[in-house]
Protein chains: 2
Amino acid sequence: MFTGLSAFPLTPLDEDGIHKAAFTRLVTRLATADVDAIAALGSTGSYAYLTSEERAKVARITVQAAQGKPVIVGIGALRTRDVLQHAHDAQTAGADGLLLAPVSYQRLTDEEVFGLFEDVTRAISIPLAVYDNPTTTGFTFSDELHTAIANLPHVGAIKLPGGERIATLRKLVPAHVRLGVSGDWFAAEALANGADVWFSVLGGLFPEAARAVMDGADLEPLWDLFRRHGSVRVVATAAALRGLTSEPNLPRPLRAAPADEVAPVLEQLKL
Amino acid sequence: MFTGLSAFPLTPLDEDGIHKAAFTRLVTRLATADVDAIAALGSTGSYAYLTSEERAKVARITVQAAQGKPVIVGIGALRTRDVLQHAHDAQTAGADGLLLAPVSYQRLTDEEVFGLFEDVTRAISIPLAVYDNPTTTGFTFSDELHTAIANLPHVGAIKLPGGERIATLRKLVPAHVRLGVSGDWFAAEALANGADVWFSVLGGLFPEAARAVMDGADLEPLWDLFRRHGSVRVVATAAALRGLTSEPNLPRPLRAAPADEVAPVLEQLKL
């Protein structure tokens with residue numbers, strides 16, 4: 001499950017709630033595409049902005065629409081209490097894997113993060129990917145902490161922000177723990193240098209284009225937008241431009257990237 | 001309301017919920033102490049870790065226990081939807097002022113943060129303090145953004161992380177907007193240099209000691225603990241050591257500071 005192309009769909013929503021039909025449409029596109037797993041409620045899926053009830057609903061819709069493809073569900077939250085609830089709900093919905101970032105408000109210590117993963121891995125029965133994303137969480141994993149967590153039961157992968165630590169961590173973590181990359185602009189190089197999986201924002205909306213990147217295509221104009229606006233804001237705009245969702249489709253205060261910047265890039269890259 | 005000493009109590013809680021009796025005890029201490037306002041659900045009050053229902057309950061308890069002292073309530077959340085709900089609930093509970101930080105998961109743009117404050121100030125009828133805390137929010141306010149937000153209706157104060165920008169902002173924001181300092185170890189110098197208010201963690205647990213700091217007392221051994229462990233972890237330990245709460249009293253994954261480091265400092269400083 002934690003190999004190849006993991007596709008992270010947007011969760012289209014507005015202030016009144018989740019757009020079920022649009023989300024089902026996005027997941028169905030992935031179910032019939034050449035992706036190895038569908039990862040709902042990643043950062044692109046706005047997991048951090050949803051209630052536990054909304055997240056359980058998204059997990060159920062994803063499993064139903066995935067047509068048997070492996071489903072990974074993000075369970076991160078500020079409180080251990082809520083993470084455990086999300087893990088339970090995702091497993092009950094039929095998820096195949098979980099994804100957990102140490103989301104913070106008060107910046108977390110290494111002991112607190114290890115304790116979180118210890119508490120969660122004790123309670124789950126399916127594989128978990130450790131989500132390392134300092135930009136959104138404010139937390140930086142040391143090599144030592146990654147190694148300690150990778151040795152906990154059920155840990156099956158680490159999702160890294162870029163590929164530069166893969167060679168180092170490969171020597172430190174157990175052989176069964178897959179090492180993956182996010183930050184779409186890092187993916188081609190990281191895969192060439194031994195990453196097992198690309199946790200892909202692009203793949204969640206344009207899976208064929210993500211496969212093309214894995215085969216050598218260069219989407220630098222899109223990566224430039226991703227870096228400047230944040231990938232979630234760009235795919236939100238792209239999804240609306242391509243008629244896959246209505247707009248707005250992000251949780252306020254977030255705002256989608258300007259359509260007049262995104263549209264020409266989609267045209268140029270034939271997305 | 002946004003002058004002098006604003007005291008931020010801990011919200012004692014564990015995985016089963018808020019400890020109402022202990023919280024009421026902490027607020028009652030402040031109601032009968034020499035503080036100018038009681039600020040519930042600040043960072044020290046773990047606002048970011050609580051549900052909307054829990055936060056409404058804390059707001060009601062605070063107003064009841066405050067015995068007429070001004071009550072400020074923190075309303076920050078990742079989603080504008082939830083911030084508006086918290087503002088409504090705090091006003092309904094009888095709060096006198098609100099406190100809002102631009103909490104983030106996806107890092108926010110200036111336009112998004114301005115939009116948040118615009119949406120919220122349009123919906124409220126009591127004064128709001130802008131909570132500038134880059135460490136917990138991941139967001140850094142420019143002088144221009146502070147000035148723009150300070151000109152919105154109902155904005156009554158800015159809570160700054162340290163005192164070094166007060167002289168600059170004083171020239172930029174409207175005269176009725178108070179400028180306050182947090183980070184307790186910065187307070188004495190900032191007040192001497194013209195801060196209007198100290199938003200105080202220490203004052204939420206030991207209000208007499210906070211007054212002593214305003215009169216020149218030096219609590220450096222405590223500030224050292226605050227800087228190393230985070231002030232919320234230290235006051236959590238101190239509250240339990242002084243028998244004011246049970247333990248654990250913080251939301252997991254957070255853990256209180258080690259008692260064997262905090263106890264000697266409390267003894268030394270006669271807290």
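Me: Is A:V265 buried or exposed?
Reply: A:V265 is buried in this predicted model. Its relative accessible area is 9%, and because the cut-off for buried is under 20%, A:V265 falls on that side.

Me: Which helix is A:V265 in?
Reply: A:V265 sits in α13 of chain A, which covers residues 259-268.

Me: And what does A:V265 touch, leaving out residues up to four places away in sequence?
Reply: A:P221, A:L222 and A:L225.

Me: Switching to the interface. How many residues of chain B are in contact with chain A?
Reply: 36 residues of chain B, meeting 36 residues of chain A. Together the two chains bury about 3400 Å², and 47% of that is on carbon and sulfur atoms.

Me: How many salt bridges are there between chain B and chain A?
Reply: Eight. One of them pairs A:R79 with B:E15, where the closest N and O atoms are 3.6 Å apart.

Me: Which elements of chain B give two or more residues to the side that touches chain A?
Reply: β2, α3, α4, α5 and α12 of chain B. The largest share comes from α4(B), with four residues.

Me: How do the residues on that side of chain B divide into nonpolar, polar and charged?
Reply: 15 are nonpolar, ten polar and eleven charged.

Conventions:
Residues are numbered from 1 along each chain as its sequence is written. Chains are lettered from A and ligands numbered from 1 in the order in which they are written. This is a predicted model: local features need pLDDT of at least 70, side-chain atom pairs count only at pLDDT 80 or more; totals for chains, interfaces and linings use all residues. Side-chain values use heavy atoms; hydrogens and water are left out. Buried means under 20% relative accessible area, exposed over 50%, partly exposed in between (1.4 Å probe, protein chains only). Contact means heavy atoms within 4.5 Å. Buried area is the accessible area (1.4 Å probe) that two parts lose on being put together, summed over both. A salt bridge is a side-chain nitrogen of Lys or Arg within 4 Å of a carboxyl oxygen of Asp or Glu. Ala, Val, Leu, Ile, Met, Phe, Trp, Tyr, Cys and Pro count as nonpolar, Asp, Glu, Lys and Arg as charged, and the others, Gly among them, as polar.
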